[in-house]
Amino acid sequence: MNYFLKILTLIAISSFAGITFADEAAAVVAPVAQKGDTAWMIVATILVILMSIPGLALFYGGMVRAKNMLSVLMQVFVIFSLMAVLWALYGYSIAFTEGNAFVGGFGKLFLLGITPDSMAATFSKGVYVPEYIYVAFQLTFACITPALIIGAFAERVKFSAILVFMVIWFTFAYLPMAHMVWYWAGPDAYTDASAGETALATAGFLFQKGALDFAGGTVVHINAGIAGLVGCLVIGKRIGYKKESLAPHSVTMTMIGASLLWVGWFGFNVGSNLEANGLSALVFVNTLLASAAATLAWTGAEWVVRGKPSMLGGASGSIAGLVAITPACGWAGPMGSIALGIVVGIVCFWAVTSLKGMIGYDDSLDAFGVHGIGGIIGALGTAVVASPALGGTGVWDYVTNSVAEYSMTTQLISQLWAVGVCIIWSGTVSFIAFKLVDILIGLRVSEEVEREGLDISEHGETAYHH
Amino acid sequence: MKLITAIVKPFKLDDVREALSDLGVSGVTVTEVKGFGRQKGHTELYRGAEYVVDFLPKAKIEVAVADQLVSQAVEAITRVANTGKIGDGKIFVTNLEQVVRIRTGETGDEAL
């Protein structure tokens with residue numbers, strides 16, 4: 001009886017509300033975030049933090065010599081903290097507010113105007129998440145990307161030089177790339193064809209070109225990989241490269257780091273959907289399968305070509321797979337993800353074991369070999385695996401509210417735009433930034449310091465006490 | 001008194017310690033060392049970079065014994081540390097001039 005009374009009351013209240021506010025309802029629909037989506041985004045953000053510290057730090061740290069272990073941990077740790085603060089001061093505003101096609105505006109400097117009630121758009125009409133968690137989620141991406149670069153020139157660069165370089169690179173390479181690829185007005189602006197065109201004109205340059213990058217294949221991986229390549233070319237090889245043993249001091253640490261990266265990557269990729277829904281589940285499956293397939297491919301290739309399947313190879317394969325699926329994970333199908341993983345596992349194995357030796361650059365921890373090459377394969381491969389004919393989801397048209405007709409060639413051209421712009425932009429900014437820092441404070445440590453190890457000479461401590 | 005220094009494969013360390021204890025030897029000093037002899041090193045491969053590892057890990061055992069125990073001790077170490085393969089190690093025997101037990105000040109055989 002009580003139950004029926006409650007229902008009657010509810011009906012009465014809702015019909016009363018309907019009558020009273022009918023006119024205003026169309027004009028003022030205050031967006032409200034769902035608790036489920038919000039909770040997931042908080043967890044996803046924590047997972048991406050886990051990728052950097054300690055995931056990436058240990059993955060990289062295990063690969064250097066014991067005398068440089070702390071320098072790598074410290075570089076990742078401090079870069080993370082520095083980028084986090086810069087993101088709040090000006091990064092978020094420049095990347096994620098309306099401006100021109102290449103950079104955003106200054107409207108949200110110091111996170112101005114954002115309140116607990118501010119909402120950020122997702123990829124579904126009428127679905128929002130609190131802007132603060134969107135700020136934090138994107139912050140973690142801005143933190144891990146510069147940290148990826150240090151792998152290319154580990155064991156030989158001054159700590160101060162790295163920090164100054166990162167501030168320049170973050171400002172002039174990361175923020176514009178994030179704006180170009182990811183900034184758009186949100187799905188609600190696409191009410192009809194003309195409104196859609198108006199909305200699209202405010203989006204980032206590569207977004208307008210139709211480039212697909214779900215979680216950061218270009219913005220994060222190619223961007224960082226190219227910066228790493230330029231870095232190790234400008235800085236030069238480590239003393240003793242190809243003459244002395246530069247073997248990893250703890251592949252065990254590297255395995256722990258790779259595993260933390262793998263787990264954290266579910267926050268990175270699945271969180272990039274900004275909602276907890278069916279597509280998020282597909283992204284989860286794609287991320288899992290691509291990484292597993294790439295681990296098998298790298299391990300298999302190494303076993304056949306070099307005679308033994310190594311743990312370092314297995315760990316490297318998993319990361320290559322995660323890198324490649326990053327741009328594709330929201331549009332690929334599970335079988336497409338496995339195929340992409342196999343391709344990237346084999347190609348990245350070749351890049352770090354053969355290509356590097358042929359060209360002769362010392363990419364210490366293969367930031368370019370894994371993130372640059374893997375990112376390019378992923379970005380271009382996205383055009384293939386997104387095809388509905390190959391089990392992909394195709395691309396959603398927010399004007400017609402249906403899946404648009406898919407042309408692989410057209411999409412491949414869009415992806416080539418993104419890859420090309422990213423290579424040139426990041427390459428140019430990186431080159432200028434490295435040269436500038438070299439003039440200002442000098443990039444390389446002295447030979448004596450490099451021999452002694454960066455831990456003692458740059459940080460005044462040692463990782464291990466035997 | 002003699003000082004016996006034996007370089008053996010690390011996994012034979014426990015066997016050597018037991019064999020020496022059975023002879024009545026009451027103390028040894030063990031160090032983890034690296035070195036090379038006739039046993040060749042091995043190569044390690046990290047992402048295509050090949051490193052030759054020349055120095056192999058061994059255990060160094062130092063034991064001071066009275067003259068009458070020397071041949072038995074050397075025989076015992078040789079017996080238990082032998083695998084018949086290259087890399088089993090070596091034993092060095094040197095004269096020992098003096099031994100002092102720090103706690104009591106005893107010297108010579110009494111200090112062993």
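This is a predicted model: local features need pLDDT of at least 70, side-chain atom pairs count only at pLDDT 80 or more; totals for chains, interfaces and linings use all residues.

Colleague: Okay. What makes chain B more spread out than a compact globule?

Modeller: Set its radius of gyration, 17 Å, against the 13 Å that the globule rule gives for 112 residues; the value is well over that, so chain B counts as more spread out than a compact globule. The C-alpha trace spans about 60 × 30 × 20 Å along its principal axes.

Colleague: Which elements is chain B built from, and in what order?

Modeller: Chain B has 2 helices and 6 strands, and from the N terminus they run β-α-β-β-β-β-α-β.

Colleague: How many residues take part where the chains touch?

Modeller: Chain B puts in 6 residues and chain A 12 residues. Strand β3 of chain B, residues 42-46, gives the most on the chain B side, with 3 residues. By class, that side has 3 nonpolar, 1 polar and 2 charged residues.

Colleague: And what makes A:Val181 stand out in the largest nonpolar core?

Modeller: That core has 159 residues, and A:Val181 is among those that touch the most other members, along with A:Leu56 and A:Leu340, for example. Beyond its neighbours within four places in sequence, A:Val181 is in contact with residues including A:Leu206, A:Phe207 and A:Ala418.

Colleague: Which residues belong to the second, separate core?

Modeller: That one has 16 residues, including B:Val8, B:Ile61, B:Ala73 and B:Ala76. As for burial, 21% of the 112 residues of chain B count as buried.

Methods
Residues are numbered from 1 along each chain as its sequence is written. Chains are lettered from A and ligands numbered from 1 in the order in which they are written. Two residues are in contact if their C-beta atoms, placed from the backbone, lie within 7 Å. Helices (H or I, at least four residues) and strands (E, at least two) are DSSP runs, numbered from the N terminus. Ala, Val, Leu, Ile, Met, Phe, Trp, Tyr, Cys and Pro count as nonpolar, Asp, Glu, Lys and Arg as charged, and the others, Gly among them, as polar. A nonpolar core is a set of buried Ala, Val, Leu, Ile, Met, Phe, Trp, Tyr and Cys residues joined through C-beta atoms within 7 Å. A residue is buried if 20 or more other C-beta atoms lie within 10 Å of its own, exposed if 12 or fewer, and partly exposed in between; C-beta atoms are placed from the backbone. The radius of gyration is taken over C-alpha atoms; the globule rule is 2.2 Å times the number of residues to the power 0.38.
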